[in-house]
Amino acid sequence: MSASLQGIKALVDDYDTYTYTFDTSEVEIEKIHGGTPLEPYRLAGSHWAVPILLPAALKKGNVVSMEFFTLFRNEKPLDPCFRYATHQRLENIMFRVEFHPDCLPSSVSWTEWRDYREPDDVVGYTRTVTPDRENAVVHHLAAMENAVAGFTWEF
């Protein structure tokens, strides 16, 4: 399970739907506040999207806070990573992954990939990080654009 907390700023008038994308079909989005998940649909290959309808349409410059859980139903083990890809400019991004005390990794790294699509889904940069007292790793980016980044780990 993954929790996401996002602040969304409208770049155009009447912005009413945020599209959350991921690379597995075995996901369920559970609303906490700030939007209502609609039916998922396949983008291409193994990439999927869930439109999240905002409580009201935003005018350009307005901001809304949204929080939701991503529940993974995978029958096979997931890759030991959490990564986020964006084709647009995002600002003030905070990544946080918390590990269960009974399943701590032996090492964790902040990782940046060249792309998320094969054959360019190779690591371009990696740096070892140390989990905190809550067994979590955190990384802040002032901005991210046309990039893929996140955490990888080993058990």
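# A chat about contacts, cores and loops

Q: Which side chain does Gln6 make a polar contact with?
A: The side chain of Gln6 makes a polar contact with the side chain of Tyr18, at 3.0 Å. A polar contact is a pair of N or O atoms within 3.5 Å; within protein, one must be able to donate a hydrogen and the other to accept it, and residues adjacent in sequence count only if both atoms are side-chain atoms.

Q: Before we go on, what am I looking at?
A: This is a predicted model, where local features need pLDDT of at least 70, side-chain atom pairs count only at pLDDT 80 or more, and totals for chains, interfaces and linings use all residues. Residues are numbered from 1 along each chain as its sequence is written, and side-chain values use heavy atoms, with hydrogens and water left out.

Q: Back to Gln6. Where is its place?
A: Gln6 is in strand β1. Strands (E, at least two residues) and helices (H or I, at least four) are DSSP runs, numbered from the N terminus.

Q: Is Gln6 buried or exposed?
A: Gln6 is buried, because its relative accessible area is 17%. Buried means under 20% relative accessible area, exposed means over 50%, and partly exposed is in between (1.4 Å probe, protein chains only).

Q: What else is Gln6 in contact with?
A: Leaving aside neighbours within four places in sequence, Gln6 is in contact with Tyr18, Val64, Ser65, Met66, Phe68 and Tyr84. Contact means heavy atoms within 4.5 Å.

Q: Which residues touch the most other members in the largest nonpolar core?
A: Tyr18, Tyr20, Phe22, Ile29, Ile52 and Met66 do, in a core of 15 residues. A nonpolar core is a set of buried Ala, Val, Leu, Ile, Met, Phe, Trp, Tyr and Cys residues joined through side-chain atoms within 4.5 Å.

Q: Which strands each supply at least two residues of this core?
A: β2, β3 (27-33), β6 and β7. The largest share, 5 residues, comes from β6.

Q: And Phe22, what is it in contact with?
A: Leaving aside neighbours within four places in sequence, Phe22 is in contact with Val27, Ile29, Ser46, His47, Trp48, Ala49 and Val50.

Q: What does the second core include?
A: The second core is separate and has 14 residues, including Ile93, Phe99, Val129 and Ala149.

Q: New topic. How many salt bridges are there?
A: A search of the whole structure finds 7. A salt bridge is a side-chain nitrogen of Lys or Arg within 4 Å of a carboxyl oxygen of Asp or Glu.

Q: Which residue meets Asp14 in a salt bridge?
A: Lys59, at 3.1 Å, N to O. Asp14 lies in the loop between β1 (2-9) and β2 (15-22), and Lys59 in the loop between β6 (47-58) and β7 (63-72), so the pair ties together parts that are 45 residues apart in sequence. Lys59 counts as partly exposed, at 43% relative accessibility.

Q: What about Glu145, which residue does it meet?
A: The side chain of Glu145 meets that of Arg89 in a salt bridge, at 3.9 Å, N to O. Glu145 lies in the loop between β12 (136-144) and β13 (147-154), and Arg89 in the loop between β8 (81-86) and β9 (90-98), so this pair ties together parts that are 56 residues apart in sequence. Glu145 is partly exposed at 44%, and Arg89 is partly exposed at 46%.

Q: Which residue forms a salt bridge with Arg114?
A: Asp120 does, with the closest N and O atoms 3.3 Å apart. Arg114 is exposed, at 59% relative accessible area. Asp120 is partly exposed, at 31%.

Q: Which residues do shared partners join into one network?
A: Salt bridges that share partners join Arg89, Glu91 and Glu145 into one network.

Q: Now the backbone. Which residues does a cis peptide bond join?
A: Glu118 and Pro119, with omega about 5 degrees. Pro119 is in the loop between β10 (107-113) and β11 (123-129).

Q: What phi does Asp14 have?
A: Asp14 has a positive phi of about 65 degrees, although it is not a glycine. Asn146 is not a glycine either, and its phi is positive at about 45 degrees. Asn146 is found in the loop between β12 and β13, and it counts as exposed at 54% relative accessibility.

Q: Last one. How many disulfides?
A: The structure holds 0. A disulfide is a pair of cysteine sulfur atoms within 2.5 Å.
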